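Okay, thanks for coming, everyone. Let me put the model up and then we'll walk around it piece by piece.

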Amino acid sequence: MPKRIAIIGGGISGLSAAFALEEKRRAGVPLQYVLYEAHPRLGGVLVTERVEGCLIEAGPDSFLTEKPWAADLCRQIGLGDQLIGSNDSQRKTYILTKGKLVLMPEGLMFMVPTKILPTIFSPLFSMRTKLRMAQEWFHPPQQTKTDETVAEMVERHYGAEMVDLLADPLLSGVYGGEASQLSVRAVLPRFADMESKHGSLGRGMLSSRKKMPAGAKGPPTPLFSSLKEGMQQMVDALLVRLDTNFLRPSTLVQSLIPQNGGWTVSAGYRSDQFDGLIIATPAPAASALLHMTDENLSRELGEIRYSSSVTSTRGYDDNVRRALPPGFGFLAPRSEGRRMLAATFVHNKFPHRAPDDRALIRCFLGGSRDEHILRISDTEIIQIVRDELKEILGIAAEPLFARLYKWKGAMAQYGVGHLERVQRIESLRKGLPGLVLAGNAFNGIGVPDCVRSGKEAANKVLAAVGLEESVA
(Lines give C-alpha, C1' and ligand atoms only; values in the text may rest on other atoms or scores of the structure.)
Protein backbone atom coordinates (compact mmCIF):
# COMPACT_ATOMS: atom_id res chain seq x y z
CA MET A 1 0.00 0.00 0.00
CA PRO A 2 1.30 3.50 -0.80
CA LYS A 3 2.00 5.85 2.06
CA ARG A 4 -0.52 8.68 2.36
CA ILE A 5 0.53 12.25 3.21
CA ALA A 6 -1.73 15.20 3.98
CA ILE A 7 -0.68 18.80 3.29
CA ILE A 8 -2.71 21.52 4.98
CA GLY A 9 -2.28 24.92 3.36
CA GLY A 10 -2.18 25.76 -0.34
CA GLY A 11 0.13 28.75 -0.35
CA ILE A 12 3.56 28.61 -1.97
CA SER A 13 4.99 26.54 0.93
CA GLY A 14 2.28 23.90 0.64
CA LEU A 15 2.46 23.86 -3.16
CA SER A 16 6.25 23.46 -3.04
CA ALA A 17 5.84 20.51 -0.68
CA ALA A 18 3.20 19.00 -2.97
CA PHE A 19 5.43 19.40 -6.01
CA ALA A 20 8.35 17.69 -4.25
CA LEU A 21 6.07 14.78 -3.32
CA GLU A 22 4.61 14.63 -6.84
CA GLU A 23 8.11 14.37 -8.30
CA LYS A 24 8.81 11.40 -6.00
CA ARG A 25 5.48 9.79 -6.87
CA ARG A 26 6.16 10.05 -10.59
CA ALA A 27 9.60 8.56 -10.01
CA GLY A 28 7.94 5.46 -8.59
CA VAL A 29 7.98 6.12 -4.85
CA PRO A 30 4.82 4.50 -3.43
CA LEU A 31 2.98 7.50 -2.03
CA GLN A 32 -0.18 9.56 -2.35
CA TYR A 33 -0.81 13.07 -1.07
CA VAL A 34 -3.83 15.27 -0.52
CA LEU A 35 -3.50 19.07 -0.31
CA TYR A 36 -6.21 20.90 1.65
CA GLU A 37 -6.84 24.61 1.23
CA ALA A 38 -9.66 26.52 2.92
CA HIS A 39 -9.94 29.10 0.14
CA PRO A 40 -11.16 28.38 -3.39
CA ARG A 41 -7.91 29.63 -4.91
CA LEU A 42 -4.49 28.01 -4.45
CA GLY A 43 -1.30 30.07 -4.27
CA GLY A 44 -1.91 32.28 -1.24
CA VAL A 45 -0.62 35.82 -1.69
CA LEU A 46 0.91 35.21 -5.13
CA VAL A 47 -1.76 36.93 -7.22
CA THR A 48 -1.19 38.81 -10.50
CA GLU A 49 -3.63 40.89 -12.54
CA ARG A 50 -3.39 42.55 -15.93
CA VAL A 51 -5.11 45.92 -16.27
CA GLU A 52 -4.90 48.12 -19.39
CA GLY A 53 -1.56 46.68 -20.45
CA CYS A 54 -0.08 46.88 -16.95
CA LEU A 55 0.93 43.94 -14.78
CA ILE A 56 -0.16 44.34 -11.16
CA GLU A 57 0.99 42.24 -8.23
CA ALA A 58 -1.43 41.90 -5.33
CA GLY A 59 1.23 40.32 -3.10
CA PRO A 60 5.02 40.02 -3.48
CA ASP A 61 6.26 41.47 -6.76
CA SER A 62 9.65 39.72 -6.69
CA PHE A 63 12.18 37.88 -4.55
CA LEU A 64 15.80 38.37 -3.52
CA THR A 65 18.08 36.97 -6.19
CA GLU A 66 20.74 35.91 -3.66
CA LYS A 67 18.32 33.36 -2.16
CA PRO A 68 18.33 30.63 -4.84
CA TRP A 69 15.37 28.42 -3.92
CA ALA A 70 12.57 30.23 -5.77
CA ALA A 71 14.61 30.59 -8.97
CA ASP A 72 15.66 26.93 -8.73
CA LEU A 73 12.01 25.89 -8.46
CA CYS A 74 11.12 28.07 -11.45
CA ARG A 75 13.74 26.27 -13.52
CA GLN A 76 12.41 22.89 -12.36
CA ILE A 77 8.89 23.72 -13.50
CA GLY A 78 9.91 25.06 -16.90
CA LEU A 79 10.06 28.79 -16.13
CA GLY A 80 13.82 29.26 -16.41
CA ASP A 81 13.45 31.40 -19.53
CA GLN A 82 10.77 33.49 -17.79
CA LEU A 83 13.00 34.72 -14.97
CA ILE A 84 13.77 38.43 -15.11
CA GLY A 85 15.82 40.82 -12.99
CA SER A 86 15.06 44.25 -11.59
CA ASN A 87 16.26 47.27 -13.56
CA ASP A 88 19.08 48.09 -11.15
CA SER A 89 20.46 50.90 -13.30
CA GLN A 90 17.42 52.79 -11.97
CA ARG A 91 17.80 51.55 -8.37
CA LYS A 92 17.54 54.76 -6.40
CA THR A 93 15.49 54.98 -3.22
CA TYR A 94 14.27 58.11 -1.49
CA ILE A 95 13.49 58.72 2.17
CA LEU A 96 10.65 61.07 3.05
CA THR A 97 12.03 63.48 5.62
CA LYS A 98 10.45 66.79 6.71
CA GLY A 99 7.94 66.39 3.90
CA LYS A 100 10.54 66.09 1.12
CA LEU A 101 12.08 63.16 -0.72
CA VAL A 102 15.81 62.85 -0.06
CA LEU A 103 17.92 60.37 -2.01
CA MET A 104 19.59 57.62 0.00
CA PRO A 105 23.35 58.12 -0.41
CA GLU A 106 25.44 55.78 -2.51
CA GLY A 107 27.15 53.01 -0.58
CA LEU A 108 24.38 52.25 1.90
CA MET A 109 24.03 48.47 2.07
CA PHE A 110 20.78 47.80 3.91
CA MET A 111 21.29 50.81 6.21
CA VAL A 112 25.04 50.21 6.69
CA PRO A 113 27.26 53.02 5.27
CA THR A 114 30.20 51.63 3.29
CA LYS A 115 31.27 54.83 1.50
CA ILE A 116 32.28 57.83 3.59
CA LEU A 117 32.05 60.79 1.20
CA PRO A 118 28.50 60.21 -0.15
CA THR A 119 27.29 59.83 3.43
CA ILE A 120 29.07 62.96 4.64
CA PHE A 121 27.62 65.10 1.86
CA SER A 122 24.10 63.63 2.07
CA PRO A 123 21.44 66.00 3.44
CA LEU A 124 19.59 62.97 4.82
CA PHE A 125 21.53 62.73 8.09
CA SER A 126 22.32 65.26 10.81
CA MET A 127 25.94 66.10 11.63
CA ARG A 128 25.55 64.18 14.89
CA THR A 129 24.61 61.00 13.01
CA LYS A 130 27.43 61.51 10.52
CA LEU A 131 29.90 61.66 13.40
CA ARG A 132 28.43 58.47 14.83
CA MET A 133 28.90 56.80 11.44
CA ALA A 134 32.58 57.82 11.40
CA GLN A 135 33.10 56.55 14.95
CA GLU A 136 31.36 53.28 14.10
CA TRP A 137 34.30 52.20 11.95
CA PHE A 138 36.31 51.81 15.17
CA HIS A 139 33.86 49.65 17.11
CA PRO A 140 35.66 46.66 18.64
CA PRO A 141 34.32 43.11 18.12
CA GLN A 142 31.52 42.37 20.54
CA GLN A 143 29.86 39.09 21.49
CA THR A 144 26.26 39.71 22.52
CA LYS A 145 25.11 36.80 24.66
CA THR A 146 21.42 37.59 24.48
CA ASP A 147 19.11 38.45 21.62
CA GLU A 148 18.13 42.07 21.08
CA THR A 149 15.97 44.13 18.77
CA VAL A 150 17.22 45.57 15.49
CA ALA A 151 16.59 49.05 16.90
CA GLU A 152 18.85 48.38 19.89
CA MET A 153 21.71 47.21 17.70
CA VAL A 154 21.40 49.98 15.12
CA GLU A 155 21.09 52.66 17.79
CA ARG A 156 24.18 51.32 19.55
CA HIS A 157 26.18 51.65 16.32
CA TYR A 158 24.70 54.71 14.64
CA GLY A 159 22.21 56.45 16.93
CA ALA A 160 18.43 56.87 17.09
CA GLU A 161 18.17 58.92 13.88
CA MET A 162 19.40 55.94 11.85
CA VAL A 163 16.68 53.78 13.40
CA ASP A 164 14.00 56.31 12.49
CA LEU A 165 15.19 57.15 8.96
CA LEU A 166 16.39 53.75 7.74
CA ALA A 167 16.06 50.70 10.00
CA ASP A 168 12.38 51.11 10.80
CA PRO A 169 11.21 52.00 7.25
CA LEU A 170 13.27 49.19 5.69
CA LEU A 171 11.92 46.58 8.08
CA SER A 172 8.38 47.90 7.64
CA GLY A 173 8.79 47.25 3.94
CA VAL A 174 10.21 43.74 4.29
CA TYR A 175 8.47 42.39 7.39
CA GLY A 176 5.64 44.82 8.01
CA GLY A 177 7.16 45.16 11.48
CA GLU A 178 9.00 47.53 13.77
CA ALA A 179 12.74 47.73 14.37
CA SER A 180 11.95 48.05 18.08
CA GLN A 181 10.26 44.63 18.09
CA LEU A 182 12.10 42.45 15.55
CA SER A 183 14.99 40.20 16.57
CA VAL A 184 18.44 40.89 15.17
CA ARG A 185 19.38 37.22 15.27
CA ALA A 186 16.23 36.17 13.41
CA VAL A 187 15.89 38.89 10.76
CA LEU A 188 19.47 40.18 10.37
CA PRO A 189 21.74 37.32 11.46
CA ARG A 190 24.47 38.70 9.21
CA PHE A 191 24.62 41.84 11.35
CA ALA A 192 25.03 39.85 14.56
CA ASP A 193 27.81 37.81 12.95
CA MET A 194 29.59 40.90 11.62
CA GLU A 195 29.47 42.58 15.03
CA SER A 196 31.03 39.56 16.73
CA LYS A 197 33.81 39.24 14.13
CA HIS A 198 34.53 42.84 13.15
CA GLY A 199 32.82 45.10 15.66
CA SER A 200 32.04 47.70 13.00
CA LEU A 201 29.12 46.81 10.73
CA GLY A 202 30.65 49.01 8.02
CA ARG A 203 33.96 47.14 8.09
CA GLY A 204 32.11 43.83 8.29
CA MET A 205 30.01 44.66 5.24
CA LEU A 206 33.07 45.66 3.22
CA SER A 207 34.87 42.48 4.28
CA SER A 208 31.96 40.29 3.21
CA ARG A 209 31.79 42.09 -0.14
CA LYS A 210 35.50 41.48 -0.75
CA LYS A 211 35.02 37.77 -0.09
CA MET A 212 32.37 37.47 -2.81
CA PRO A 213 33.69 35.35 -5.70
CA ALA A 214 34.64 37.31 -8.73
CA GLY A 215 31.79 36.72 -11.15
CA ALA A 216 32.00 35.96 -14.82
CA LYS A 217 32.24 38.85 -17.21
CA GLY A 218 28.97 40.64 -17.67
CA PRO A 219 26.58 42.86 -15.76
CA PRO A 220 26.19 42.42 -11.99
CA THR A 221 23.44 40.16 -10.69
CA PRO A 222 20.20 42.11 -10.16
CA LEU A 223 19.06 42.56 -6.58
CA PHE A 224 15.53 41.28 -7.26
CA SER A 225 14.18 38.57 -9.54
CA SER A 226 10.66 37.92 -10.77
CA LEU A 227 8.76 36.35 -13.68
CA LYS A 228 7.78 37.93 -16.98
CA GLU A 229 4.09 37.27 -16.45
CA GLY A 230 4.12 37.97 -12.72
CA MET A 231 4.54 35.95 -9.56
CA GLN A 232 1.30 34.03 -10.13
CA GLN A 233 3.04 32.41 -13.09
CA MET A 234 4.90 30.25 -10.55
CA VAL A 235 1.63 29.07 -9.00
CA ASP A 236 0.06 28.34 -12.38
CA ALA A 237 3.09 26.31 -13.51
CA LEU A 238 3.08 24.31 -10.27
CA LEU A 239 -0.63 23.50 -10.57
CA VAL A 240 -0.14 22.17 -14.09
CA ARG A 241 2.38 19.70 -12.67
CA LEU A 242 0.24 18.49 -9.79
CA ASP A 243 -2.45 15.81 -10.02
CA THR A 244 -5.77 17.62 -9.58
CA ASN A 245 -7.24 14.50 -7.95
CA PHE A 246 -4.97 15.22 -4.97
CA LEU A 247 -5.98 18.89 -4.59
CA ARG A 248 -8.88 19.97 -2.40
CA PRO A 249 -9.45 23.73 -2.51
CA SER A 250 -12.40 25.22 -0.61
CA THR A 251 -11.88 22.53 2.03
CA LEU A 252 -11.43 23.67 5.62
CA VAL A 253 -9.68 21.19 7.88
CA GLN A 254 -11.52 21.10 11.19
CA SER A 255 -9.56 18.63 13.29
CA LEU A 256 -6.39 16.55 13.43
CA ILE A 257 -6.15 13.42 15.55
CA PRO A 258 -2.96 11.36 15.92
CA GLN A 259 -4.12 7.76 15.60
CA ASN A 260 -2.46 4.36 15.13
CA GLY A 261 0.92 5.88 14.30
CA GLY A 262 -0.63 8.22 11.72
CA TRP A 263 -3.13 11.06 11.51
CA THR A 264 -6.89 11.37 11.01
CA VAL A 265 -7.74 14.56 9.11
CA SER A 266 -11.36 15.72 9.28
CA ALA A 267 -12.63 18.25 6.77
CA GLY A 268 -16.32 18.88 6.24
CA TYR A 269 -18.22 15.62 6.54
CA ARG A 270 -15.22 13.51 5.59
CA SER A 271 -12.34 12.03 7.56
CA ASP A 272 -9.25 10.45 5.98
CA GLN A 273 -6.32 8.50 7.37
CA PHE A 274 -2.74 9.52 6.62
CA ASP A 275 0.70 8.23 7.51
CA GLY A 276 2.30 11.69 7.47
CA LEU A 277 1.16 15.28 7.83
CA ILE A 278 2.59 18.65 6.67
CA ILE A 279 1.00 21.76 8.15
CA ALA A 280 1.90 24.69 5.89
CA THR A 281 -0.48 27.31 7.27
CA PRO A 282 0.27 30.53 9.16
CA ALA A 283 1.27 29.80 12.75
CA PRO A 284 -2.07 30.89 14.32
CA ALA A 285 -3.96 28.41 12.12
CA ALA A 286 -1.45 25.66 12.93
CA SER A 287 -1.83 26.50 16.62
CA ALA A 288 -5.61 26.10 16.44
CA LEU A 289 -5.38 22.79 14.59
CA LEU A 290 -2.95 21.32 17.14
CA HIS A 291 -4.65 22.64 20.28
CA MET A 292 -6.28 19.32 21.21
CA THR A 293 -3.17 17.33 20.24
CA ASP A 294 -0.35 19.14 22.05
CA GLU A 295 -1.12 22.21 24.14
CA ASN A 296 2.55 23.17 24.52
CA LEU A 297 3.22 23.07 20.79
CA SER A 298 -0.03 24.92 20.12
CA ARG A 299 0.90 27.62 22.62
CA GLU A 300 4.38 28.15 21.14
CA LEU A 301 2.93 28.46 17.63
CA GLY A 302 0.29 30.85 18.90
CA GLU A 303 2.98 33.15 20.30
CA ILE A 304 4.27 33.93 16.79
CA ARG A 305 2.61 37.20 15.86
CA TYR A 306 1.62 38.36 12.38
CA SER A 307 1.08 41.75 10.80
CA SER A 308 -1.28 42.69 8.00
CA SER A 309 -0.70 44.70 4.86
CA VAL A 310 -2.61 46.69 2.27
CA THR A 311 -1.36 47.44 -1.23
CA SER A 312 -2.87 50.05 -3.52
CA THR A 313 -1.65 50.12 -7.12
CA ARG A 314 -2.54 53.06 -9.32
CA GLY A 315 -1.93 53.65 -13.03
CA TYR A 316 -1.36 57.14 -14.44
CA ASP A 317 -0.70 58.71 -17.83
CA ASP A 318 2.58 59.87 -19.32
CA ASN A 319 2.32 63.35 -17.78
CA VAL A 320 2.59 61.86 -14.30
CA ARG A 321 5.33 59.49 -15.39
CA ARG A 322 7.51 62.31 -16.69
CA ALA A 323 6.99 64.32 -13.50
CA LEU A 324 8.08 61.53 -11.15
CA PRO A 325 11.67 61.33 -9.88
CA PRO A 326 13.86 58.53 -11.24
CA GLY A 327 14.35 55.44 -9.11
CA PHE A 328 12.49 52.55 -7.50
CA GLY A 329 10.41 54.60 -5.07
CA PHE A 330 10.45 55.94 -1.52
CA LEU A 331 10.16 54.95 2.14
CA ALA A 332 8.19 56.96 4.69
CA PRO A 333 9.51 56.90 8.27
CA ARG A 334 6.86 56.75 10.98
CA SER A 335 8.04 60.11 12.29
CA GLU A 336 6.58 61.71 9.14
CA GLY A 337 3.09 60.87 10.38
CA ARG A 338 1.90 59.21 7.14
CA ARG A 339 -0.29 56.14 6.78
CA MET A 340 1.71 55.05 3.72
CA LEU A 341 4.83 53.07 4.54
CA ALA A 342 6.38 53.10 1.07
CA ALA A 343 5.69 53.37 -2.63
CA THR A 344 7.30 51.58 -5.57
CA PHE A 345 7.60 53.07 -9.05
CA VAL A 346 6.91 49.77 -10.78
CA HIS A 347 7.50 51.18 -14.26
CA ASN A 348 11.14 51.81 -13.25
CA LYS A 349 11.78 48.71 -11.15
CA PHE A 350 10.36 46.33 -13.79
CA PRO A 351 9.90 48.41 -16.96
CA HIS A 352 8.08 45.69 -18.92
CA ARG A 353 5.20 45.81 -16.41
CA ALA A 354 3.83 49.06 -17.80
CA PRO A 355 3.72 50.60 -21.31
CA ASP A 356 6.19 53.40 -21.97
CA ASP A 357 3.44 56.02 -21.58
CA ARG A 358 2.13 54.79 -18.24
CA ALA A 359 3.23 55.30 -14.63
CA LEU A 360 2.48 52.42 -12.27
CA ILE A 361 2.77 53.28 -8.55
CA ARG A 362 2.35 50.63 -5.85
CA CYS A 363 1.66 51.94 -2.34
CA PHE A 364 2.02 50.03 0.93
CA LEU A 365 0.06 50.58 4.12
CA GLY A 366 -0.62 48.66 7.33
CA GLY A 367 2.06 46.79 9.21
CA SER A 368 2.23 46.01 12.90
CA ARG A 369 1.64 49.64 13.94
CA ASP A 370 -1.43 50.16 11.77
CA GLU A 371 -3.61 47.05 11.90
CA HIS A 372 -6.56 49.47 12.08
CA ILE A 373 -6.17 50.10 8.34
CA LEU A 374 -7.99 46.81 7.71
CA ARG A 375 -11.07 48.03 9.57
CA ILE A 376 -11.68 51.12 7.46
CA SER A 377 -13.47 51.09 4.14
CA ASP A 378 -11.84 50.76 0.74
CA THR A 379 -13.10 54.27 -0.08
CA GLU A 380 -11.29 55.70 2.94
CA ILE A 381 -8.04 53.90 2.07
CA ILE A 382 -8.22 55.14 -1.51
CA GLN A 383 -8.70 58.69 -0.21
CA ILE A 384 -5.69 58.34 2.12
CA VAL A 385 -3.50 57.15 -0.76
CA ARG A 386 -4.78 59.92 -3.07
CA ASP A 387 -4.10 62.63 -0.49
CA GLU A 388 -0.64 61.40 0.50
CA LEU A 389 0.53 60.91 -3.09
CA LYS A 390 -0.57 64.48 -3.81
CA GLU A 391 1.31 65.82 -0.78
CA ILE A 392 4.48 63.76 -1.33
CA LEU A 393 4.75 63.55 -5.12
CA GLY A 394 2.48 66.39 -6.24
CA ILE A 395 0.14 64.05 -8.13
CA ALA A 396 -3.17 65.88 -8.58
CA ALA A 397 -4.44 63.78 -11.50
CA GLU A 398 -6.92 60.99 -10.96
CA PRO A 399 -5.54 57.54 -11.83
CA LEU A 400 -6.55 55.79 -15.02
CA PHE A 401 -7.24 52.73 -12.85
CA ALA A 402 -6.63 51.55 -9.31
CA ARG A 403 -6.55 48.23 -7.49
CA LEU A 404 -6.64 47.63 -3.72
CA TYR A 405 -5.67 44.42 -1.92
CA LYS A 406 -5.88 43.57 1.78
CA TRP A 407 -3.86 40.79 3.39
CA LYS A 408 -4.81 40.05 6.97
CA GLY A 409 -2.15 38.35 9.09
CA ALA A 410 0.17 37.79 6.13
CA MET A 411 3.63 38.52 7.56
CA ALA A 412 5.17 36.66 10.49
CA GLN A 413 6.89 38.87 13.07
CA TYR A 414 10.17 37.45 14.37
CA GLY A 415 10.36 39.02 17.83
CA VAL A 416 13.23 38.81 20.30
CA GLY A 417 13.74 35.15 21.23
CA HIS A 418 12.25 33.87 17.97
CA LEU A 419 15.07 31.45 17.18
CA GLU A 420 14.80 29.89 20.65
CA ARG A 421 11.05 29.52 20.14
CA VAL A 422 11.62 27.79 16.80
CA GLN A 423 13.95 25.33 18.55
CA ARG A 424 11.27 24.59 21.16
CA ILE A 425 8.68 24.11 18.42
CA GLU A 426 10.96 21.71 16.58
CA SER A 427 11.63 19.72 19.76
CA LEU A 428 7.90 19.42 20.49
CA ARG A 429 7.12 18.54 16.87
CA LYS A 430 9.46 15.57 17.01
CA GLY A 431 7.28 14.14 19.76
CA LEU A 432 4.40 13.79 17.28
CA PRO A 433 5.30 11.06 14.74
CA GLY A 434 4.76 11.94 11.11
CA LEU A 435 4.16 15.68 11.71
CA VAL A 436 6.17 18.35 9.86
CA LEU A 437 5.69 22.14 9.87
CA ALA A 438 6.32 24.52 6.99
CA GLY A 439 5.65 28.15 6.07
CA ASN A 440 6.87 31.66 6.77
CA ALA A 441 6.59 31.42 10.57
CA PHE A 442 9.97 29.89 11.21
CA ASN A 443 13.08 30.62 9.14
CA GLY A 444 12.29 33.35 6.62
CA ILE A 445 9.21 35.10 5.24
CA GLY A 446 10.22 35.64 1.60
CA VAL A 447 9.08 33.52 -1.35
CA PRO A 448 12.45 31.69 -1.59
CA ASP A 449 12.30 30.89 2.14
CA CYS A 450 8.78 29.48 1.76
CA VAL A 451 9.81 27.38 -1.23
CA ARG A 452 12.74 25.97 0.73
CA SER A 453 10.49 25.33 3.73
CA GLY A 454 8.01 23.35 1.63
CA LYS A 455 10.68 21.25 -0.05
CA GLU A 456 12.42 20.48 3.25
CA ALA A 457 9.06 19.54 4.80
CA ALA A 458 8.45 17.06 1.99
CA ASN A 459 11.85 15.45 2.58
CA LYS A 460 11.21 15.25 6.34
CA VAL A 461 7.79 13.68 5.98
CA LEU A 462 9.11 11.10 3.52
CA ALA A 463 11.75 10.16 6.07
CA ALA A 464 9.13 10.01 8.83
CA VAL A 465 7.00 7.51 6.90
CA GLY A 466 9.98 5.39 5.91
CA LEU A 467 10.32 6.37 2.26
CA GLU A 468 13.62 8.25 2.50
CA GLU A 469 16.70 8.31 4.66
CA SER A 470 16.22 10.26 7.87
CA VAL A 471 16.44 14.05 7.48
CA ALA A 472 17.58 16.13 10.47
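Let's start with a pair of strands: S3 (residues 48-51) and S4 pair in the antiparallel sense over four bridges. Some ground rules before I go on. This is a predicted model, where local features need pLDDT of at least 70 and side-chain atom pairs count only at pLDDT 80 or more, while totals for chains, interfaces and linings use all residues. Residues are numbered from 1 along each chain as its sequence is written, and side-chain values use heavy atoms, with hydrogens and water left out.

As for terms, helices (H or I, at least four residues) and strands (E, at least two) are DSSP runs, numbered from the N terminus. Two strands pair if DSSP finds at least two bridges between them.

Back to our hairpin. S3 and S4 have two residues between them, and Glu-52 in the turn has a positive phi of about 50°. Val-51 has Cys-54 in S4 as its bridge partner. Along S4 (residues 54-57), Cys-54 and Ile-56 point one way, Leu-55 and Glu-57 point the other way, and all are buried. By buried I mean under 20% relative accessible area; exposed is over 50%, and partly exposed is in between, with a 1.4 Å probe and protein chains only.

Now, you'll want to know about the cysteines. How many disulfides does the count come to? Zero, by the rule in use, which takes a disulfide as a pair of cysteine sulfur atoms within 2.5 Å. Cys-54 has 0% relative accessibility, so it counts as buried. For Cys-74, the closest cysteine sulfur is in Cys-450, also too far for a bond at 14 Å. Cys-74 is buried too, with a relative accessible area of 0%.

Next, strand S2 (residues 31-36). Five of its six residues are buried, so S2 is largely enclosed by the rest of the structure. On the way from S1 to S2 the chain passes through helix H1 (residues 12-26), and this β-α-β crossover is right-handed. That label means that, with the strands pointing away from the viewer, the path from the first strand over the helix to the second runs clockwise. S1 (residues 3-8) pairs with S2 in the parallel sense, over six bridges, and Lys-3 stands opposite Leu-31 in S2. S2 also runs parallel to strand S12 (residues 247-248), joined by two bridges, with Tyr-36 opposite Arg-248 in S12.

There's also an open sheet of three strands, in the order S5-S11-S6, with antiparallel pairing. Which strands are at the edges? Those are S5 (63-64) and S6 (83-85), each pairing on one side only. Two bridges join S5 to S11 (residues 224-227), and Phe-63 has Ser-225 in S11 as its bridge partner.

Last stop, the outside. Gln-143 sits in the loop between helix H4 (127-136) and helix H5 (150-158), and at 63% relative accessibility Gln-143 counts as exposed. Its C-alpha atom is separated by 8.3 Å from that of Lys-197, 54 residues apart along the chain.

And over in helix H3 (residues 116-121) we find Phe-121, which is exposed, with a relative accessible area of 67%. That's where I'll stop, so ask away.
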